[in-house]
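Okay, everyone, thanks for coming.

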Amino acid sequence: MNKTIIFLALMFASIVTFGQARQIKGKVSEVSGNGIPGVTIQIKGTSTGTISDIDGNYSVNATDGNVLVFSFVGFTTKEVTVSGQTLINVTLEEDARLLDEVVVVGYGVQKKKDITSSIAVVDNKALKDRPIVSVAQGLQGTAAGVQVTQTSGKPGGGIAVRVRGATSVLAGNEPAYIVDGIRTTDISGLNPNDIESMTVLKDASASAIYGAAAANGVVIITTKRGSSDKPVISFNTYFGVSTLRKSIDVLNTRQYRDLMNDMGIAYDPSWTTFNNWMDETFSTGYQQSYQASVSGGNEKSRYFVSGGYLTEQGMVRPARFDRYTIRMNLDNELRPWLKMKTSITAWNLDTKDTPDNASSGRGGVIMSALNTPPFLNVYKQDGSGWYDPNPFQPSWENPVAYMDGPDQMSRESKLLGTVDLEIDLLKNLKYKSMVGVDVTNRRWDYYLDPISTNFGRQNNGIGRSDNSSHMVWQTENYLDYTIKKRNHNFNAIAGNTLIRYEGRGTYIEGRDFPADTQVTDLWAANQISTGGTWQGSNSFVSFFSRINYDYSGKYYATFSIRRDGSSKLVNKWGTMPAFSLGYRLSSAKFMENLTLIDDLKIRGGYGETGNVNGLSDQAAFSLWSYYRRDPQDPLAGPGIYQSSYGNPDLKWETTKQTNLGLDLTMWDGRFLFTFDAYQKKTSDVLLNVQLTSSLPVNYILTNAGEIINQGLEFSFTTVNIDQKELKWNSNLNFSFNKNEVTSLKYTPVYYFGRIYSNNEYISRLSVGNPLGTFYGYISEGVDPETGDIVYKDVNNNGIFDPGDRTVIGYGMPKLTFGFTNNITYKRFTANIFFQGSYGNDIFNATRIDLEGMFDSKNQSTVVLDRWTPENPNTDIPRAVGGGNVDNVRNSSRFIEDGSYLRLKSLTISYNVLKNREKLNIVKGLNVYVTGQNLLTFTSYSGFDPEVNAYGNSAVEVGIDYGTYPQSRTIIFGLNVEF
């Protein structure tokens, strides 16, 4: 009995001992042996856990059979089962799929988890889901703080990119583009299919390494390269059709005749036919793309070669864009200590333009489609071949004449190439050298025959030609030193850059062409009416250095400095420092029990950058120009006049920027959040200050302003569903920016954006207001007694005068946003992309010509509700005629809310071949259909809320004046991989 009791007691004791928690100690290290601080060690299935200390050591209580889960952002998660151990050391391997992915930054790469500045990365996964024409379109709605506006819907049309607001009036606001190491201002010919990634350096601590080119941010574009694998052959193609998203109704012939009667304009009673000029102008456009590439290589040599062709025919003739591209990227290890990288691309762009952003009397096709009298025919009915002239104003051609009358095309050919060498001098020291060239040739030819149009007949035909060539060569040499000792990681670079630009061009115009031949070359012109040549050059020299340091992946510091010199200025040199600091808060002791947080880092930085790009080659110097004294006397000789004043004190614009940010990762990488707050202060803003009119030149370029941008940026990335057959992830980003002019020297206000029809300026630059401020009268509606617009007496002087003008709107948005969802179910994938803006106004100058009723232009159907003695209570004034523009002055009447939410892109794709399936030689096969601009939610009454008649201008922004609208497009595509 006693033996039995003793046996049971010992068994019970062993069970209790086996189930009793005991202390487990150990160290978590990288493959290199360095300890990793902040690693989460959690008992699987429970909330019990701890976090490793600064040396990677940890201690946790566990029992045999428990599973310890070791997780840290940027490393693969590891599980260890407790089985009698009291010491468990773990080595975690890097996981490049998470925040440890390598990101391209200025002059090198960094692990994303170690970055302490504000950057945004758009990779090829985001690009391939949208069949886009321009690389810049790939940035739209995908990066917080980056506003991309397609200012015109024309094929090959302009795109304005703003990184954290606009900072300049005259010097340009586009970011600097670095393509495979070489700086360029033109990426219109880059093939989006060749892009591997785009990194946007948003704050100055990141971009200051590029100095006087970086005030507007920097976009680093990296193209695809080959891999050490079997050759991969890819072929991509798509075809799409585009149509007008929204129409504007105008008067028919009967309604138009009634309007002419009201204005007292005489017309021929036989004018009873009706021609729908909208149908004559807008048709169905199309686009086609073909892209092929081959890549591969081995450990010593890799290659990527591609070629592509894209054509886009606009919905309004003759708008057309043709792009031919070829690329070759080579990587070679010539010796164990010597590597060479070559990147070469060439493109040819052929563009035909549809004139827009102009009134119907000045060649604007869109306005002509709306304003041309509805009874006119396309051609005269007498067989002359003339376009039917406007009987009220013969110089106003119909839209078909504007579209088809001129024969014009522009062509751009570019070669962009770099050769990089990397030499291992010592164990941790590399020497890197790059030589690059950017060669561009442009030609524009125009011919208007002497018969079909009124303007052509007046001049007996017109021919014009503009040719220019540009060459930039760039060389960079720098040292790169990296060392790791225990928990200390240190990297330093130092080097210099040399850039040289040379360009020249010619322009010539001829008139009086023979009418009985088909010769359109300028040599056939009987009279050379004007001509000219130009030549320019400038040089740029830079010295730069940067130090990156981090301690144990917990504390971070970056310091950089750059000194730039430009031949454009008398005061040639400027110094731009920057720094940033970061702290991994998730490694702190008090965060140990917050196991739902994978990683939390706070960061801040400051830096100074410049904007030298907008300065002309001799911006600081006095210039003189030549002219012909007497065009009728070939012996008169040339004259000379001063065309600009020199300014030896001229400097480039300088932007000082402060940034505070936070990066948060939760729930095993399923939730990522980034927040940034910034302030950008741009001083020495370049302005043309007005001088007395008695001087030969009545303005001088000088540094006379200050602009501040302040904003907040938010970005969320979530993995909503991650199952075997169903996956869903989302990205939402939105940003707020406030722009303000805080100082103007010498001249208190500047006016921009003259509207042709009323000869008034709509944009005003003044202290206390943002760029893009609309300035005009406040409309208080229609006087029911007179039928005229009543304008508010702002200055209370009892009369209507220019002093009644005030701020009536703002063209810049308060908020921009993008929302992307990727959903995969079995073989189907859906990419849904919404984009938009909020808080911006649009000055709809199109309505001035559509609702003004001051001359013989056709009008919108809105004017059917115009004031008459029988209809006194209305918001549409009376028909006045006679060129009276009192009712269409720049006023709040034409200010509209420009906010919009747009389904920018919806793509449904089907993966024909599952993983590891093969169809003869086909490795992968994917088909898709994409809809672009399918839905637009807006209260704006015009064709398109995403427009700007003044292109990339930052002061003349949000103005619609017969701008070519964006189309709704359906695209069918195929991707094949062999």
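Let's start with Phe282. Setting aside residues up to four places away in sequence, Phe282 touches Leu244, Met315, Val316, Ile366, Phe943 and Pro965. Keep in mind that what you're looking at is a predicted model.

Phe282 belongs to the largest nonpolar core, which has 33 residues. The members that touch the most others are Leu259, Met263, Met278, Phe282, Val316, Met853 and Phe943. So which elements give two or more residues to this core? They're helix H4 (253–263), helix H5 (277–281), helix H6 (365–371) and helix H7 (399–404). There's also a second, separate core, with 32 residues, and that one includes Ala120, Val133, Val179 and Trp347.

Ala120 stands opposite Val200 in strand E15. Strand E10 (residues 119–123) pairs with E15 in the antiparallel sense, over five bridges. E15 also pairs with strand E16 (residues 218–223), again antiparallel, this time over six bridges. In that pairing, Thr199 stands opposite Ile220 in E16.

Is E15 largely enclosed or left open? Six of its seven residues, in the stretch 195–201, are buried, so the rest of the structure largely encloses this strand. While we're on strands, here's a general point: side chains in a regular strand alternate between the two faces of the sheet.

Three strands make an open sheet here, in the order E45-E44-E48, with mixed pairing. Strand E44 (residues 841–844) pairs with E45 in the antiparallel sense over three bridges.

One more residue before we zoom out: Asn454. You'll find Asn454 in helix H8 (residues 454–459). Buried or exposed? Its relative accessibility is 14%, and the cut-off for buried is under 20%, so Asn454 counts as buried. Leaving out neighbours within four places in sequence, Asn454 is in contact with Pro394, Ser395 and Glu397.

Okay, zooming out to the chain. How many helices and strands are there? The chain has nine helices and 49 strands. Of its 978 residues, 53% are buried. Take the contacts between residues at least 6 apart in sequence: 68% of them join residues at least 24 apart.

What about overall dimensions? Along the principal axes, the C-alpha atoms fill a box of roughly 130 × 70 × 70 Å.

Last thing: confidence. The average pLDDT for the chain is 90, and 95% of the residues score at least 70. Residues 1–19 are a stretch where the pLDDT is below 50, and beyond near neighbours in sequence, that stretch has two contacts in the model.

How values were computed:
Residues numbered from 1 in each chain as written. Predicted model: local features only at pLDDT ≥ 70, side-chain atom pairs only at ≥ 80, totals over all residues. Heavy atoms only, no water. pLDDT = per-residue confidence, 0-100. Contact = heavy atoms within 4.5 Å. Buried < 20%, exposed > 50% of the residue type's maximum accessible area, 1.4 Å probe, protein only. Helix = DSSP H or I, 4+ residues; strand = E, 2+ residues; numbered from the N terminus. Pairing = 2+ DSSP bridges. Core = buried A, V, L, I, M, F, W, Y, C linked by side-chain atoms within 4.5 Å.
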